[in-house]
Amino acid sequence: MAKTLILNQADLRDCVGLDTDSLAVVENAFRLLATAAVAMPPILRLDVPEHNGEVDVKTAYLPGVAHFAIKVSPGFFDNPKLGLPSLNGLMMLFSAQTGLADALLLDNGYLTAVRTAAAGAIAAKWLAREDAKVVAILGAGEQARLQLQALRLVRDVSEVRIWARDPAKAQAMAAELDDARAVDSVDAALDGADIAITTTPSREPLIEPQHLRPGLHITAMGSDAEHKNEIAPAVLARVDAYVADRLSQTRVLGELHHAIAAGLVHAEDDFAELGQVIAGQRPGRIAPDQITLCDLTGTGAQDTAIASLAYQRAVAAGKGLSFDS
């Protein structure tokens, strides 16, 4: 009989974190999106408006990778009022050769958080200035912390400004860091910043054209649904290089979607994808004074990549519970 390995969140935290390997597999997933016959269907989305909730289902088959993942990712943003995390979920890992279920990863959204932060670091690696040191973080939740942790793997960060709608959360995050301070406005966060990272479920733009300055790189990762919007549409019309994680998604879900709806960008306009930049097919930043923006909506390719790494490490470490299915 086929055996399936069950891994809980504690197992997965022991096996996978933000390190050079996790960044490498996510970077390779983006590269494969540009260079291989990746099978990645559109995101299946379920909204639960009565409870400020949403559920995304993502998957992708990556040629050359032994497994593919199917991820179910709920986000219920009123959960903190109940003392519960906003994000949870699980991943199912199947053999790409036989289709058998090799593992059930009960990660409660942990692997999604890791691969999302890794994607942000990869975006900065390819699009931010090499000498970028001053970072503005908008948001003060788990992803804000992970984005900064991942960014430090690719850039020498010396100063961090943190803004959040709840000042107490920004102050709490800043208190955890030696090089950070909480600020009371987006203006203060962006003033003189080299890199800005947006990590919120905001429905109203946070970064406006007046915040742009030569050399700035923006990583926007909160707009993964039609109603979310962290970057003003006019910003997209002003940046020198806009890069999508997956253009077919950002036209529908990401910051690009709002610029198209505002009539500032044409729906048929062609933009680079992050995988194309990594593969050398399209330029990213070509001058220090350019303003760059990476629009991250999250891809099934990232999920397959991080789930496969987690499974490999868990098997090697003897983690989890195996049962006959």
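Two strands count as paired if DSSP finds at least two bridges between them. Helices (H or I, at least four residues) and strands (E, at least two) are DSSP runs, numbered from the N terminus. The model discussed here is a predicted one, where local features need pLDDT of at least 70, side-chain atom pairs count only at pLDDT 80 or more, and totals for chains, interfaces and linings use all residues. Residues are numbered from 1 along each chain as its sequence is written, and side-chain values use heavy atoms, with hydrogens and water left out.

Take the parallel sheet to begin with. Strands β7 (residues 134-138) and β8 (residues 159-163) run parallel and are joined by 5 bridges, with Ile 137 sitting opposite Ile 162 of β8. This pair belongs to an open sheet of 8 strands, ordered β9-β8-β7-β10-β11-β14-β12-β13, with parallel pairing. At its edges stand β9 (180-182) and β13 (272-273); each has a single partner strand, so one side of each is left without a neighbour in the sheet. Helix α3 packs on this sheet and touches β11, β12 (241-244) and β14 (292-295), its direction making about 160° with that of β11. Helix α5 (residues 167-175) packs on the sheet as well, touching β7, β8 and β9, and its direction makes about 165° with that of β9. Contact here means heavy atoms within 4.5 Å; axes are lines fitted to C-alpha atoms, for helices over the stretch in contact, and angles run from 0 to 180 degrees between N-to-C directions.

Then there is the mixed sheet. This open sheet has 7 strands in the order β2-β3-β4-β5-β6-β1-β15, and its pairing is mixed. β2 (44-48) and β15 (321-324) are the edge strands, each pairing on one side only. From one strand to the next, the twist averages 15°. Strands β4 (residues 67-76) and β5 (residues 90-95) pair antiparallel over 6 bridges, and Val 72 stands opposite Leu 90 in β5. Helix α3 turns up again here, lying across β3 (53-60), β4, β5 and β6 (101-106) at about 100° to β4. Helix α11 packs on the sheet too: it touches β1 (3-8), β3, β4, β5 and β6, with its direction at about 110° to that of β4.

The two helices also meet each other. The axes of α3 (residues 110-127) and α11 (residues 300-317) come within 10 Å and cross at roughly 115°. On the α3 side, the contact is made by Leu 111, Thr 112, Val 114, Arg 115, Thr 116 and Ala 119, while α11 supplies Gln 302, Asp 303, Ile 306, Ala 307 and Ala 310. As for α11 itself, 13 of its 18 residues are buried, buried meaning under 20% relative accessible area (1.4 Å probe, protein chains only). The helix reaches 26 Å from first C-alpha to last, close to the 26 Å expected at 1.5 Å a residue, a span taken as 1.5 Å times one less than the number of residues. Gly 318 follows α11 and has a positive phi, near 70°.

Leu 212 counts as buried because its relative accessibility is 12%. Leaving aside residues up to four places away in sequence, Leu 212 touches Ile 218, Val 235, Arg 238 and Ile 291. Leu 212 and Leu 190 are 22 residues apart in sequence and 8.2 Å apart in space, C-alpha to C-alpha.

Methods:
Buried means under 20% relative accessible area, exposed over 50%, partly exposed in between (1.4 Å probe, protein chains only).
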